[in-house]
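Here are some notes for a colleague who is opening this structure and would like a guide to how its parts pack together. Please read them with the model in view.

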Amino acid sequence: MSNLAVSIFLFLIKLLGAFLAGAALGLAAQIPSRYFINAGMTAAIGWAVYLLASEYGWNLVWANYAATVCVALTAQILARRKFVPATVFLIPGIIPLVPGGGMYLIVWSMLYDTPAATSAYFYETLQMAGAIALGIFTVDTAFRIPKKRKQQIH
């Protein structure tokens with residue numbers, strides 16, 4: 001197999017993992033079972049954007065922000081189409097993006113490494129968590145502005 005075929009295969013395996021993680025969190029969060037596939041697709045979309053953005057040389061924080069914007073946008077659209085709160089799709093969708101590895105490295109470096117390494121891991125993890133929060137806020141604000149304008153007119 002060529003390198004391209006292997007890369008595409010690995011990309012699809014990663015997307016499958018993100019899909020399963022989103023669907024499994026939907027199960028753990030007790031969302032209705034009819035939304036498991038949508039929750040998994042939301043997670044897979046976000047992870048695909050993250051992988052592609054980081055592959056094309058984006059900073060990991062910006063890649064996380066772009067992926068979160070796509071997850072939040074997908075969650076808002078699905079929420080309006082399915083008549084459920086956006087958090088039904090948002091929470092499972094951001095699970096692959098949460099910097100759990102960074103949190104692990106913070107604790108590990110506190111125990112076995114230098115304070116400088118701990119600070120570096122903490123700073124990077126804080127930036128990634130902030131990118132997630134900012135991405136959700138950006139999309140949520142964009143969806144609320146037309147609603148507020150409509151309320152002000154009437």
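1. In this predicted model, the contact between helix 2 and helix 4 brings N38, A39, T42 and A43 of helix 2 against V88, F89, P92 and G93 of helix 4. By class, this contact holds 5 nonpolar and 3 polar residues, with no charged residues.

2. Helix 4 covers residues 87-94, and its axis and that of helix 2 come within 8 Å while crossing at roughly 45 degrees. Angles under 35 degrees count as roughly parallel, and helix 2 and helix 4 are therefore described as oblique to each other. The crossing of helix 2 past helix 4 is right-handed.

3. The C-alpha trace spans about 60 × 40 × 30 Å along its principal axes.

4. How do helix 2 and helix 3 lie relative to each other, and at what angle do they pack? Helix 3 takes in residues 60-82, and it packs with helix 2 at an angle of about 155 degrees, their axes being 8 Å apart. Since angles over 145 degrees count as roughly antiparallel, helix 2 and helix 3 are therefore roughly antiparallel to each other, and their crossing is right-handed.

5. The residues that make this contact are N38, T42, I45, G46, V49, Y50, A53 and S54 on the side of helix 2, and L60, A63, N64, A66, A67, C70, V71, T74, L78 and K82 on the side of helix 3. Sorted by class, the contact of helix 2 with helix 3 comprises 11 nonpolar, 6 polar and 1 charged residues. N38 and T42 of helix 2, which take part here, also belong to the contact with helix 4.

6. Helix 1 (residues 3-28) and helix 2 (residues 36-55) have axes that come within 7 Å and cross at roughly 140 degrees.

7. The residues of the contact of helix 1 with helix 2 divide into 16 nonpolar, 3 polar and 1 charged.

8. Which residues line the largest pocket? The lining is made up of L4, S7, I8, L10, F11, K14, L51, L52, S54 and E55, and the space in this pocket comes to about 260 Å³. Helix 1 and helix 2 each supply at least two of the lining residues, and helix 1 contributes the largest share, with 6 residues.

9. By class, the lining of the largest pocket consists of 6 nonpolar, 2 polar and 2 charged residues.

Terms used: Residues are numbered from 1 along each chain as its sequence is written. This is a predicted model: local features need pLDDT of at least 70, side-chain atom pairs count only at pLDDT 80 or more; totals for chains, interfaces and linings use all residues. Side-chain values use heavy atoms; hydrogens and water are left out. Axes are lines fitted to C-alpha atoms, for helices over the stretch in contact, and angles run from 0 to 180 degrees between N-to-C directions. Helices (H or I, at least four residues) and strands (E, at least two) are DSSP runs, numbered from the N terminus. Ala, Val, Leu, Ile, Met, Phe, Trp, Tyr, Cys and Pro count as nonpolar, Asp, Glu, Lys and Arg as charged, and the others, Gly among them, as polar. On a 1 Å grid over the protein atoms alone, a cavity is a set of points where a 1.4 Å probe fits but cannot get out, and a pocket is an open set with protein on both sides within 12 Å along at least five of seven lines; lining residues have an atom within 4 Å of a point. Grid points are joined across faces, edges and corners, and a volume is the space filled by probe spheres set on the points. Angles under 35 degrees count as roughly parallel, over 145 as roughly antiparallel, 65 to 115 as roughly perpendicular and the rest as oblique. A crossing is left-handed if the near helix is turned anticlockwise from the far one by less than a right angle, and right-handed if clockwise. Contact means heavy atoms within 4.5 Å.
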